[in-house]
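Q: Hey, could you walk me through this one? I'd like to go piece by piece.

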Amino acid sequence: MTQPYRMIAHRHGGPEVIEREDFAVPTPAPGQIVIATEAVGLNFIETYFRKGLYPGPLPVQFGTESVGRIVALGEGVSGFAMGERVGCCVGSNGAYATHRVIEAARAIPIPDAISPEIAAAVLLKGLTTCYLAEDTYPVTAGTVALVHAAAGGVGSLLVPWLTDKGATVIAHCGSAEKAASVPTEHSLHGPFDTLPEAVRAITGGAMCHVVYDGVGKTSWNASLACLRPRGLMASFGNASGAVGEITPLDLMRGGSLYLTRPTLADYVGTPEALRIASAKLFDRIASGVLVPKIGRTFALAEAAEAHRALENRETTGSTVLVP
């Protein structure tokens, strides 16, 4: 067997701090399973931990999203079998590794029709999309929604999911090329300071019921300005940096706006909630509503290069690492 290894960082900084480290495959404790990794999903949040924007212990053990075959079962684990393909995207870090220990309660059986690369690319982003589209705001036919970074990992799934629910989706991307790849009638790529007027023109002045903003600092003011009175700002990421200080008066001046800063763990906090959300995700893939796209694939050992490409906005769709 090839020497097991993982990609970690002993200090915070740029992509260059990520390094390879050999390790021994651990023995699972009761309630745990060990998987041999087949694919790892890359997510922007991992750059926050690398840079120290999100606090955490050193060394940084990257990643929550991976898929692999079960190679060991801990005592008391039932409902899973050796060799079964499962995924995990919540509950533990350490996905950037050839082998990984996960809690059985957080393991997601992967349907045979979905490849490990697609599953790894879609689990975290797909479940995030699920809570945004299904739970964060009551999207129905007639809802007007603005989606930032609409060609990215979450955005490329959120646009068709919202469209399937009958929403009018206004997509915004960082370039004309990315905007052209988004399957919606209203796909914009202009600067943020002109976005509210563009949205006003599309909506006849009515503006949006909800804005899904994973960009953060640079899009914040434009996002608020795109909302109608009593609209909802769903701020779920900080790709451009953390949002500065805000006050309740900002929401009042915008028209009695609502603000939420959701995170996946609060929406799939129980095995039952995780099962329900996963079923919704796999159902939309099976029905063709979602067609997950892998934009780039890197070797696991090239994790630093993958981070660099992600931060430089050189990716579209999802990015995966493979051992």
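Q: Which order do the strands have in the open sheet of three strands?
A: The order is S2-S1-S4, and the pairing is antiparallel. Strands here are DSSP E runs of at least two residues, and helices are H or I runs of at least four, numbered from the N terminus. Two strands pair if DSSP finds at least two bridges between them. Quick background: this is a predicted model, where local features need pLDDT of at least 70, side-chain atom pairs count only at pLDDT 80 or more, and totals for chains, interfaces and linings use all residues. Residues are numbered from 1 along each chain as its sequence is written, and side-chain values use heavy atoms, with hydrogens and water left out.

Q: OK, how many bridges join S1 to S4?
A: Two, between S1 (residues 5-9) and S4, which run antiparallel. Ile8 has Gln61 in S4 as its bridge partner.

Q: Switching topic: where does H2 bend?
A: At Leu123, by about 45°. That bend is the angle between axes fitted to the seven residues ending there and the seven starting there.

Q: What sits over the ring of Tyr5?
A: The charged end of Arg20, 3.7 Å from the ring's centre. The rule wants NZ of Lys or CZ of Arg within 6 Å of the ring centre and within 35 degrees of the ring normal.
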